[in-house]
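Reader: I am new to this structure and would like a close look at a single part of it. Please take the sheet and then go on to what surrounds it.

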Amino acid sequence: MIVCKFGGTSLADATGIRRAAAIVRADSARRFVVVSAPGKRFAGDEKITDLLLRAAQGDGEALRAVLARFQEMARRLGVEMDGELRRAAAEIPARGAEYAASRGEYLCAILLAKYLRWEFVDAAEVIRLRDGRAELQPSYDCLLRRLKPLKNAVLPGFYGADGEGRVRTFPRGGSDISGALVAAALGARLYENWTDVDGLMSADPQLVKDTVRVPAVSYRQMRLLGAMGAQVLHPDSLLPVMNAGIPTALKNSFHPERPGTRIDTDAGANIPCLTGRALQSGAALVAVLSPNAMALCGPALEALRAAGIRPRSLEARNDRLLLRVRGRCLPETLRTLHRALVEEKRARDAG
Ligand code: ASP
């Protein structure tokens, strides 16, 4: 059994919902689906969650924009949602920011469930939160009790309820956590996280040209990427599935045929993956994730020397190199190391 989570860009409009439904229907093992709220449809568009947070502050225009988007999606999908939208319109300005923010996922899950003709299960029934974090065991118990008897279901991500039954949200991007909790509770064989990118790339494509997809990476390496500030998955979504021994697949809903990236317990990054972060001290930290990181020390130092970059420190472990460089050298360090460790190696392997 596979648990799927779809991100906001994958569900931004009716076409996105249809695409997600087709992916889900393509494999009968995909029985439980967790959704984000609809995200941006184009550059400059607003995410439903951002509109809802404004609506909670009394911005009537933002509320109307949310309702209009869902109405349009429902109309194009031939789904009836008038009752739900009328209720949301009354509740969103009246029940506080967390409740308002949660309605994007809530309405999106109802929409997809109706379109698929699957059961909708409200996250407030099955996920327990305290101070923005999941209470694991109570959540697992509720999820298992409620979902086990079902053949299929769609659940909203990003929120649950506290001990008093009040709706509470995770931090932004938290639908990843919801998906991981459902997968862990049910002992899924795979957690699929569907977004609008091909998976983990060998570096940030905004900083480095010619990046390539990293086919596999370990949970430990993903946790380091999260600690370095890389926004691939919400960091709290890793432990539930890692501890349950469930691999995660990062997949592109716009190109489901592409292989994506697999995150597993021991699969190390089989292509080096680079990331960097400016530190408060004015220095910058660069991490190179690779299963044979020790062997990369020599080539890395040599490439940096040729580029006139002198690292202040270098630490090599089994699955990573950590370098400290001057803050202003960060982009050039990433580009130099990427050229030497990823691009030239690929060219050598190909030739
Ligand atoms: N919709 C929420 C956000 O924009 C949660 C999520 O997408 O994971 O952060």
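In what order do the eight strands of the open sheet run?

Author: This is a predicted model, in which local features need pLDDT of at least 70 and side-chain atom pairs count only at pLDDT 80 or more, while totals for chains, interfaces and linings use all residues. Residues are numbered from 1 along each chain as its sequence is written.

The order is β3-β6-β2-β1-β9-β11-β12-β10, with mixed pairing. Strands here are DSSP runs of E with at least two residues, and helices are runs of H or I with at least four, both numbered from the N terminus. Two strands pair if DSSP finds at least two bridges between them. β3 (119–120) and β10 (216–218) are the edge strands, each pairing on one side only. β3 pairs with β6 (residues 153–156) in the parallel sense, over two bridges. Phe120 stands opposite Val154 in β6.

Next comes the core. The largest nonpolar core has 105 residues, and Leu112 and Val288 touch the most other members. Such a core is a set of buried Ala, Val, Leu, Ile, Met, Phe, Trp, Tyr and Cys residues joined through C-beta atoms within 7 Å; buried means that 20 or more other C-beta atoms, placed from the backbone, lie within 10 Å of the residue's own. Helix α5 (residues 97–116) gives this core its largest share, 11 residues. At least three residues come from each of domain 1 (2–196) and domain 2 (273–350), bounds taken from an automatic or database domain assignment. The C-alpha centres of these two domains lie 39 Å apart.

Note on methods
Buried ≥ 20, exposed ≤ 12 C-beta atoms within 10 Å, placed from the backbone.
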